[in-house]
Amino acid sequence: MKWDEFKIKTGKFLALNKDIIASLETKKFSAKANISYWLKKGKLIALKRGIYLLKERYVGEPEKGRYLEYLSNLLLKPSYLSLEYVMEKYALLPEPVNAITCVTTKTTRTIKNELGVFRYYSMTQELFVGYEVKYFFGAPILEAKKEKAIFDFIYLRFLKNSNLNEKII
């Protein structure tokens, strides 16, 4: 498939995965070759293995911050924005944050790509609450409320390895 045809067919997607791209190809092995070629030419951005973004779509987006927030939830599910990132949004930190920070029920990890650094910190299922849903072009963005972001920060930095009870909370 030619790039212009691909761009028209996928222009409405906020992000693409390899299955979407493969479903648009008529030839069985063309998708992988095209992805590789378009990445090399700088037309696609690899967010992580199997998830891509049209570079033009991101560059032309006036709300890049909201786009990154949406992508942070997409890169690792389940997750919600929290910790330093949300605290900076509410002007609770004096210095800028150099990564988008999220909480997940999966293992702690960092994902780096062309758009930035996305840090995910592990939280138990019982504490995976206190977030609200916001929307970006109809797609949900999960974000901790201000109080929950502060709790997550204190819990993960100071209380995670101690015996936690209702009185401490």
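Two strands count as paired if DSSP finds at least two bridges between them. Helices (H or I, at least four residues) and strands (E, at least two) are themselves DSSP runs, numbered from the N terminus. With that in hand, hello everyone, and let's walk through this chain together.

A word on where things come from. This is a predicted model, where local features need pLDDT of at least 70 and side-chain atom pairs count only at pLDDT 80 or more, while totals for chains, interfaces and linings use all residues. Residues are numbered from 1 along each chain as its sequence is written, and side-chain values use heavy atoms, with hydrogens and water left out.

Let's begin with the whole chain. The protein chain has seven helices and nine strands. Its C-alpha trace spans about 60 × 30 × 25 Å along the principal axes. Of the 169 residues, 42% are buried; buried means under 20% relative accessible area, exposed means over 50%, and partly exposed is in between, using a 1.4 Å probe and protein chains only. Now take contacts, meaning heavy atoms within 4.5 Å. Among those between residues at least 6 apart in sequence, 53% join residues at least 24 apart.

In what order do its three strands lie? The order is 1-3-2, and the pairing is antiparallel. Strand 1 (16-17) and strand 2 (44-48) are at the edges with a single partner strand each, so one side of each has no neighbour in the sheet. Strand 2 pairs with strand 3, residues 51-54, over four antiparallel bridges. You can find Lys48 opposite Ile51 of strand 3.

Helix 1, residues 3-10, lies across strand 1, strand 2 and strand 3, and runs at about 100 degrees to strand 3. Helix 3, residues 30-41, lies across strand 2 and strand 3, at about 105 degrees to strand 2. For those angles, axes are lines fitted to C-alpha atoms, for helices over the stretch in contact, and angles run from 0 to 180 degrees between N-to-C directions.

Next, please look at strand 7, residues 116-122, which holds Tyr121. Strand 5 pairs with strand 7 in the parallel sense over five bridges, and Val103 has Tyr121 as its bridge partner in strand 7. Strand 6, residues 109-113, is joined to strand 7 by five bridges and runs antiparallel to it. These two, strand 6 and strand 7, form a hairpin with two residues between them, and Asn113 has Gly116 as its bridge partner.

Which residues does Tyr121 touch, leaving aside its neighbours within four places in sequence? Its contacts include Leu83, Thr101, Cys102, Leu156 and Arg157. Tyr121 and Ser79 are 42 residues apart in sequence, yet their C-alpha atoms are 9.1 Å apart in space.

Five of the six residues of strand 9 are buried, so strand 9 is largely enclosed by the rest of the structure.

Most residues other than glycine have a negative phi, and most peptide bonds are trans. In the hairpin of strand 8 and strand 9, Phe137 has a positive phi near 50 degrees. Is Phe137 buried or exposed? Phe137 is exposed, at 58% relative accessibility. Ala91 also has a positive phi, of about 60 degrees, and sits in the loop between helix 6 (83-89) and strand 5 (100-104). Ala91 is exposed too, with a relative accessible area of 64%. Finally, Lys77 and Pro78 are joined by a cis peptide bond with omega about -5 degrees, and Pro78 is in the loop between helix 5 and strand 4 (79-81).

Helix 5 (64-75) and strand 9 (139-144) each supply at least two lining residues. The volume of this pocket is about 150 Å³. On a 1 Å grid over the protein atoms alone, a pocket is an open set of points where a 1.4 Å probe fits, with protein on both sides within 12 Å along at least five of seven lines, and lining residues have an atom within 4 Å of a point. Grid points are joined across faces, edges and corners, and a volume is the space filled by probe spheres set on the points.
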